[in-house]
Amino acid sequence: MAGKNWQAGGKNAIAAGGIVCAAIAASSTCARAAANGFSPDSYIAFADPGLIWEILVGAFVVVSFLAAVVIWATSALRRVKRSHLRKHAFISSALNNLNQGVVMTDSRRRVIFCNDRYLQIYGLTRSDVPPGMTGPELLDLRRARGGLDVSNDEFYRLSDAGESLVTELPDGRSIVVRHWRLPNGGAVATHEDCSEQRKLAKQLATTKQFLESVIDTVPVCIAAKTIEDGRYILTNRAFEKFAAIPREQILGKRSDDIYAAHTAAAIAVADRRAATTSDSFTLDEMDVDRGSGPRTMASKRIVARNERGNPEFLITMFEDVTDRKSLSRELENTKKFLETVVDNIPVALVVQRVSDGHYLLANRSAETILNRRREDATGLTANDIFDPREAKLIVARDEAAIKKGGLLTEEHPISTSEGLRLFLTRRVTVPDEDGEPQYLIKTHEDVTYRRQTESRMAHMAYHDGLTDLPNRTAFLKALSQMIEACQGTDEEFAVLSVDLDGLKEINDVFGHAVGDKLLIEVARRIQGAAQGGVVARLSGDEFGLIIDGKQPAAGAALAEQLAEAMIPEFLVDGKSVRTGLTTGISLFPRDGTDPASLLANASVALFRAKAKSRGSISVFEPEMDRQIRDRRVLHQDLSNAIRNGELSLHYQPQARTSCDCATADVTGFEALARWIHPTRGFVPPSDFIPLAEESGLIVAMGEWILREACREAASWPIPKQIAVNLSPAQFIHGDLVGLVHSILLETGLNPSRLELEITEGVLIEDFDRGLALLRRLKALGVRISMDDFGSGYSSLTYLQAFPFDKIKIDRAFVMHLGRNPQSAAIVRAVIGLGHGLDVSLVAEGVETQEQLGFLAEEGCDAVQGYLIGKPAPIAQYATLVGRSPQTSDRMSRKVG
């Protein structure tokens, strides 16, 4: 196209050149003619026609040339104009299709261009921007329409030099304006709608702030670093707290800038492993030292990859698991400990799932009940393990416990590999989160031996350990029942008090073993003669019988039968032994209507019979009441003795059990009252103690004994224990707790050295009151001991109700050790019971080395008896309490 235009232009130029030459020639000819004075008309008329045609042709050529020049120039101008128009249209089209508004001004600030996008942004039309409008006028127009909120100067200042100015339009859109100065003095400004970008930016900022807040509140340490140089680019507050460094000082740093060299090296190894692994994450544990000692950190590393799949960032999450691991170890140790305990407790324990009854857990002791290894029982049910009859009973009891929801306790027999055993079963449910029973825990305690022992002990409580006859307690109870049955009727019965003649001599001659066997044979003959009547052993050589029928004939006849039964000699251990019976008889209702009176009067009659001769029979007569009067005199004398200080204390040592009494370690003494009557002389405790109990004098006497024993013990250089007996009457009368407290304060005795011995009589009368008093006494710091254990019928109940510090095994069991297997079994059981309850045991009445050896072998804690030491004034045991004999003598005389 350009070539064609160029050729056309050449032809026109030649024609134009000819025209121009002709014109020039004509002009020059005319000029010469005028100069020569010729007029044109005359010249033409007289001119040569050839010349004229030459002139005309030349003029035509000149004119043509000039016309060609004009035409060429006009054509060239049109081409330039069309080129400018095309370029202007192209630029305008390009600018009008921009996403940004564009405004151009010249050096005089006149608007020379604004594109359609600009008009669209600000809601303007082409007519709103007439030619010649200046930039400031355009700004005024926008301000008038609410599209500008700053002054013109402020607008140019803020948007100049490439800076950006953001303006807010009334419809909420945001426009960013940038203004540039041109070298020719003009300016160009761009206007871009950035509403969406700002909205996205705000959302991004909000999201970033939210994520940073979330990350900051996460208790796990979080950090991000670049894989290229290992510099931290993000941390949360937990990491900042752990590192003990502000995060501003962490960002941009590497691990070796923050941690010790060995820690940084371990982190670098873990980072490299995470960056090179194909897994989505890696888990590590390492020890990190932050100055307060090494801490174990558990970490999870995640690699963030770029669009090409190459590792770019490493995100690490870690937490301090030192305490958790320590707790886990402790929990594991505790679990092992508990499993060991559960496995070794002497009680069978099983756990069942309530939903299906499957056994989930069983300890070693449960294998006896399950009749299989506990591993084999897991997953089975009661129906799988026991025979149908037993399984049905067990399931029914389980369902009852589940229905009840609380503790269910019962005893029932279960077949085991050792035969049928009696078990104490406790069932308790464990609820789930909704309170519904989820597990059933059962413990089975084999109480076969315990119940047998309790049965034996209950039997022993009412029976003599040697002869197995009913004892005094059982006899008095039977006597009470007999009185109750006969009251209001004409029925009569006799009470016989029978004494075995010469038992002391037999013991002295043949030994106590022979004497005991003789007593057993005598008891058997008495039972045979009584023919089913009540027979009891009241004391060492005294028996009691009750016989109904016409009296006194029936009683006398029985006494004669008893005497005849003793006539044949006894063959004991190859030795022939002869003995007889002396009998005293009292009659109901003539000689008494209560057990104590009848038994006392029978004893009075026995005393009268023994006074006559051995083997005689005596029936109580009213004149025998003198015996009672004597007791009354003795009671008065005892009252005066208490008031006048005629009583004294003897002390019997208690020692730790050892096989050799010579090396026994004496730990304390029991204070025992003694009475030297001015005229009667020595009065045995067995005479005045029961009298004091019956008359109530025991309260005053007990207070004196307690005060004197505490005063004496407080003066000992070696602080041995001191034991004092308390009577049930002292618990009923007066403020016993206040008395003990005041005596301890008065004498200065350390409460822990005082041991108060009680019998079950304290709790028989009023269990709740007695128990409350015992607890108050224990609160003072004194020790409480159960005396004569096994002689009553409910000692086990009391041991369950109150935590005694010591149990004293009754001498009735100890004295027959080595001669009576039942006594040995009872003592062994009591020792085992005491050790199971963590209660100290003392055996009373130890008189032989054989008894001491048995107690030492069975693990009895302490012993007391003639073998260790007889009751005596404390002066005889001066060295044991840290005194010299002379000091003890002086103190004894001072007290006397």
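Tutor: Helices (H or I, at least four residues) and strands (E, at least two) are DSSP runs, numbered from the N terminus. This is a predicted model, in which local features need pLDDT of at least 70 and side-chain atom pairs count only at pLDDT 80 or more, while totals for chains, interfaces and linings use all residues. Residues are numbered from 1 along each chain as its sequence is written, and side-chain values use heavy atoms, with hydrogens and water left out.

A cavity is a set of points on a 1 Å grid over the protein atoms alone where a 1.4 Å probe fits but cannot get out, and lining residues have an atom within 4 Å of a point. Grid points are joined across faces, edges and corners, and a volume is the space filled by probe spheres set on the points.

Searching the whole structure gives three cavities of 30 Å³ or more. Two or more lining residues come from each of strand E6 (221–226), helix H8 (237–243), strand E8 (281–289), strand E9 (294–305) and strand E10 (311–320). E9 contributes the most, three residues.

The second largest cavity has about 60 Å³. Among the residues lining this second cavity are Val350, Tyr359, Phe386, His412, Arg427 and Lys442. Helix H13 (366–370), strand E13 (408–416) and strand E15 (437–446) each supply two or more, and H13 gives the most, with three.

Key
On a 1 Å grid over the protein atoms alone, a cavity is a set of points where a 1.4 Å probe fits but cannot get out, and a pocket is an open set with protein on both sides within 12 Å along at least five of seven lines; lining residues have an atom within 4 Å of a point.
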